[in-house]
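Please look over the fold below before reading on. The briefing covers sheets, core, surface and charge pairs.

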Amino acid sequence: MFARRPVTAALVAASLGVAALVGAASATQEPSNDGQNRRVRIHNQTGVALQTLQAADVRTGAFGADLLAGRPVASGASVPVTIDDGSGGCLYDLRAGLAGGQTLLRENINVCRIADYYLTR
């Protein structure tokens, strides 16, 4: 019985640490509060795995963190992402990193007007 308590305490401490990290990440970037839906399903039709996906508001050109959070998307698969840096913008450039090292850049995508984006080479 005493052997289980340290493990339980360690699991609780680890869970609290993860919760703190998630809270810190959301506190640094609030979503836009304008009622626009910026959730887009990205369909990978490139023929290879999609390794990374970044977005940049066209007004700043600054690409943010990987929207896939390190989870590759197989060719033929899709993934929903929210493209929202909190600035209220709708036009974004997308930068996709593919398996094999190729990078694709797609410009001026209105994420407020689309629900699906088909990424091709």
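Does D34 count as buried, exposed or partly exposed? At 39% relative accessibility, D34 counts as partly exposed; buried means under 20% relative accessible area, exposed over 50%, and partly exposed lies in between, with a 1.4 Å probe and protein chains only. This is a predicted model, in which local features need pLDDT of at least 70 and side-chain atom pairs count only at pLDDT 80 or more, while totals for chains, interfaces and linings use all residues. Residues are numbered from 1 along each chain as its sequence is written, and side-chain values use heavy atoms, leaving out hydrogens and water.

**Overall architecture**

- The protein has one helix and six strands. Both are DSSP runs numbered from the N terminus: helices are H or I with at least four residues, strands are E with at least two.
- Along the sequence, the pattern reads α-β-β-β-β-β-β.
- In the protein, 62% of the contacts with a separation of 6 or more come from residues 24 or more positions apart. A contact means heavy atoms within 4.5 Å.

- Two strands pair if DSSP finds at least two bridges between them.
- Axes are lines fitted to C-alpha atoms, for helices over the stretch in contact, and angles run from 0 to 180 degrees between N-to-C directions.
- Strand β1 (residues 39-44) runs parallel to β6, and four bridges join them.
- H43 has Y118 as its bridge partner in β6.

**Antiparallel sheet**

- Another open sheet of three strands has the order β2-β4-β5, with antiparallel pairing.
- β2 and β5 stand at the edges with a single partner strand each, so one side of each lacks a neighbour in the sheet.
- Here the twist averages 20° from one strand to the next.
- β4 and β5 run antiparallel and are joined by six bridges.
- A96 has L104 as its bridge partner in β5.

**Nonpolar core and surface**

- The largest nonpolar core holds 19 residues, of which I42, L50, I83 and L94 touch the most other members. Such a core is a set of buried Ala, Val, Leu, Ile, Met, Phe, Trp, Tyr and Cys residues joined through side-chain atoms within 4.5 Å.
- At least two core residues come from each of β1, β2 (50-57), β3, β4 (91-98), β5 (103-110) and β6.
- β4 gives the largest share, four residues.
- Not counting residues up to four places away in sequence, I42 touches L50, L53, A77, S78, V79, V81, L94 and Y117.
- Of the 121 residues of the protein, 26% count as buried.
- The protein exposes about 7500 Å², and carbon and sulfur atoms supply 56% of it. Areas come from the Shrake-Rupley method with a 1.4 Å probe; for residues, only the protein chains shown count as cover.

**Salt bridges**

- A search of the whole structure finds two salt bridges. The criterion is a side-chain nitrogen of Lys or Arg within 4 Å of a carboxyl oxygen of Asp or Glu.
- D34 pairs with R38 in a salt bridge, their closest N and O atoms being 2.7 Å apart. R38 counts as buried, at 2% relative accessibility.
- R59 and D57 form a salt bridge through their side chains, at 2.8 Å from N to O. R59 is exposed, with a relative accessible area of 56%, whereas D57 counts as buried at 2% relative accessibility.
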